[in-house]
Amino acid sequence: MRGSRNPDTKFTKVAAKSVKIWSSAEGGKTWKAATVKRSGSAWQATVRNPASGAVALRSEVKDAAGNRSVQAVYRAHGIG
């Protein structure tokens with residue numbers, strides 16, 4: 001767990017250089033790119049929801065040093 005050994009551990013603040021988001025209404029079988037906009041240090045993604053069911057989300061974030069993080073959340077939110 002991050003910082004679990006020492007609660008006083010200082011972490012370097014890292015700013016995202018690029019953010020990509022995809023959504024899936026089929027449990028991750030297919031993915032559709034979302035529109036992502038940056039406003040200052042905040043990022044906003046617009047995802048199309050299906051009429052019913054659940055939405056999975058996948059993200060890729062990169063920083064200026066070339067570090068990359070990819071995460072997926074299945075059944076991130078339900079619709080209907």
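Predicted model: local features only at pLDDT ≥ 70, side-chain atom pairs only at ≥ 80, totals over all residues.
An open sheet of four strands is present, with the order 2-1-5-6 and antiparallel pairing. Its edges are formed by strand 2 and strand 6 (68–79), each of which pairs on one side only. Strands of a sheet pair through backbone hydrogen bonds, in either a parallel or an antiparallel arrangement. Strand 1 and strand 5 (residues 53–63) run antiparallel and are joined by eight bridges. Within this pairing, Val-19 stands opposite Val-61, and Ser-18 has Lys-62 in strand 5 as its bridge partner. Strand 1 is also joined to strand 2 by two bridges, again with the strands running antiparallel. Here the bridge partner of Trp-22 is Ala-33 in strand 2.

A further antiparallel pair consists of strand 3 (residues 35–39) and strand 4 (residues 42–46), which are joined by five bridges. These two strands form a hairpin with two residues between them. Gly-40, in the turn, has a positive phi of about 70°. Arg-38 stands opposite Trp-43, a residue of strand 4.

Ser-24 lies in strand 1, which covers residues 16–24. Its relative accessibility is 3%, and Ser-24 therefore counts as buried, the cut-off being under 20%. The side chain of Ser-24 makes polar contacts with two backbone nitrogens. That of Glu-26 is reached at 3.2 Å, while that of Gly-28 lies 2.9 Å from a polar atom of the Ser-24 side chain. Apart from neighbours within four places in sequence, the residues in contact with Ser-24 are Lys-29, Thr-30, Trp-31, Ala-54, Val-55 and Ala-56. Lys-62 is 38 residues from Ser-24 along the chain, and the C-alpha atoms of the two are separated by 21 Å.

Ser-23 is likewise found in strand 1. Ser-23 has a relative accessible area of 9% and is buried because this value falls under 20%. With neighbours within four places in sequence again left aside, Ser-23 is in contact with Thr-30, Trp-31, Lys-32, Val-47, Arg-48, Val-55, Ala-56 and Leu-57. Thr-30, Trp-31, Val-55 and Ala-56 are also among the contacts of Ser-24. In a regular strand the side chains alternate between the two faces of the sheet.

Rolling a probe the size of a water molecule over the atoms shows where empty space is left. The largest pocket has a volume of about 240 Å³. It is lined by 14 residues, of which Ser-23, Lys-32, Val-47, Arg-48 and Asn-49 are the closest to its centre. Strand 1 and strand 2 (32–33) are the elements that give two or more residues to this lining. By class, the lining of the largest pocket comprises five nonpolar, six polar and three charged residues. Of the residues closest to the pocket centre, Lys-32, Val-47 and Arg-48 are also in contact with Ser-23.

Note on methods. Residues numbered from 1 in each chain as written. Heavy atoms only, no water. Buried < 20%, exposed > 50% of the residue type's maximum accessible area, 1.4 Å probe, protein only. Polar contact = N/O pair within 3.5 Å; in protein donor to acceptor, adjacent residues only side chain to side chain. Contact = heavy atoms within 4.5 Å. 1 Å grid on protein atoms, 1.4 Å probe; cavity = no way out; pocket = protein on both sides within 12 Å on 5 of 7 lines; lining within 4 Å. Points joined across faces, edges and corners; volume = space filled by probe spheres on them. Nonpolar A, V, L, I, M, F, W, Y, C, P; charged D, E, K, R; others polar. Pairing = 2+ DSSP bridges.
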